[in-house]
Amino acid sequence: MYNPKRLIEPDEYFPRINEHMQAILEEWLNNHQSEEDIKLYHYTTARGIEGIISKREIWSTDIESMNDTKEIKYGVEVIEEEIKSAKERYEGDRLVSEVFLSSIEKELENLARDRYSIFVTCFCREGDLLSQWRGYADRGGGYSIEFKFNDSTTMVDINGNLKKPNLRRVLYDREEQKRIAGTLINAICEICSTFPSLERDNPDKEDLWSSVASYVSKTLIDFAVSFKHEGFKEEKEWRLVRAIKREEVNENVVNFRINGGLVVPYVTTELIETSNNGANIFPVTGAVWGPSHDDNRARRSLELFVESV
């Protein structure tokens, strides 16, 4: 099985807010939970599978540098719509509309651009999907690699420590996206609106409320990474997501490659599963070659390659 965790750990916060957040987070993380091992497929070219298998690592690309330039912007826009709606409902409440919700808007922009770099590896629930062959695997001349994820799967972070990988199932239904984001925003707004005047009207407390907005925004960024336009729902995408603090991003962590005439940032992600005998293994459990390949040649060459590494 696979039990997900938060993408970004929060700072300090009010107990009342945390109580509401826990229930909402539990529902959110249940979207990405699996009672069984999750088998996901990563579509790639021949050069891609050669690098992944031989080096036992995958590449996670900066989300703002991916093929679809709206990868993160779409999710943020959905959340901003819910913030706008909440501002209209609490128009006469200065703390909620002018302090808290405005702080969330600023925090969302700062988190996504200045405080964290979000890196993503894309997977698909199906290993033989025509749109994926066309888009990511040399128009059918590549491979889809089967990965297995469970609660024993770990990855190596930038400091060399082992941690659980963050897997997110992509959600495509806009109404569901709005409901998830709106539930969180409205719940915290309701709490803010009931705080006594001593807390609400004290200008010295505004920094404290900004801190609460920062805490809430970290969960909203998690939402945004998992929201995608319904036009892509055929992809049945899952994502391995890494949120790396900007101060930890340096020349030893981030690599660069050329793609489509652009210099694209990426980080290498080493995945590890502990086997029954205690050995560390790379959790690749199979591969499918594209429809453009000759079956016999593809099988033979792939078998020899795997045996050699």
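User: Which strand gives the largest share of the lining of the second largest pocket?

Analyst: In this predicted model, strand 8 (residues 237-245) provides that share, with five residues. The pocket has a volume of about 370 Å³. Its lining comprises 18 residues, and Leu-7, Lys-163, Ala-243, Ile-244 and Glu-248 are the closest to its centre.

User: What makes up the lining of the second largest pocket in terms of nonpolar, polar and charged residues?

Analyst: The lining divides into eight nonpolar, two polar and eight charged residues. For the largest pocket, the division is 14 nonpolar, 13 polar and eleven charged.

User: Which residues lie nearest the centre of the largest pocket?

Analyst: Of its 38 lining residues, His-42, Tyr-43, Thr-44, Thr-61 and Arg-257 lie nearest the centre. The volume of this pocket is about 1000 Å³. Helix 2 gives the most to the lining, with seven residues.

User: Why is Thr-61 called buried?

Analyst: Buried means under 20% relative accessible area. Thr-61 has a relative accessibility of 11%, and therefore it counts as buried. Thr-61 is located in strand 2 (residues 58-62).

User: How do you know that the side chains of Thr-61 and Arg-257 make a polar contact?

Analyst: The cut-off for a pair of N or O atoms is 3.5 Å. The contact between these two side chains is 3.3 Å, so the pair lies within the cut-off. Beyond its neighbours within four places in sequence, Thr-61 is in contact with residues including Met-66, Ile-118, Phe-119 and Tyr-266.

How values were computed. Residues are numbered from 1 along each chain as its sequence is written. This is a predicted model: local features need pLDDT of at least 70, side-chain atom pairs count only at pLDDT 80 or more; totals for chains, interfaces and linings use all residues. Side-chain values use heavy atoms; hydrogens and water are left out. Helices (H or I, at least four residues) and strands (E, at least two) are DSSP runs, numbered from the N terminus. Buried means under 20% relative accessible area, exposed over 50%, partly exposed in between (1.4 Å probe, protein chains only). A polar contact is a pair of N or O atoms within 3.5 Å; within protein, one must be able to donate a hydrogen and the other to accept it, and residues adjacent in sequence count only if both atoms are side-chain atoms. Contact means heavy atoms within 4.5 Å. On a 1 Å grid over the protein atoms alone, a cavity is a set of points where a 1.4 Å probe fits but cannot get out, and a pocket is an open set with protein on both sides within 12 Å along at least five of seven lines; lining residues have an atom within 4 Å of a point. Grid points are joined across faces, edges and corners, and a volume is the space filled by probe spheres set on the points. Ala, Val, Leu, Ile, Met, Phe, Trp, Tyr, Cys and Pro count as nonpolar, Asp, Glu, Lys and Arg as charged, and the others, Gly among them, as polar.
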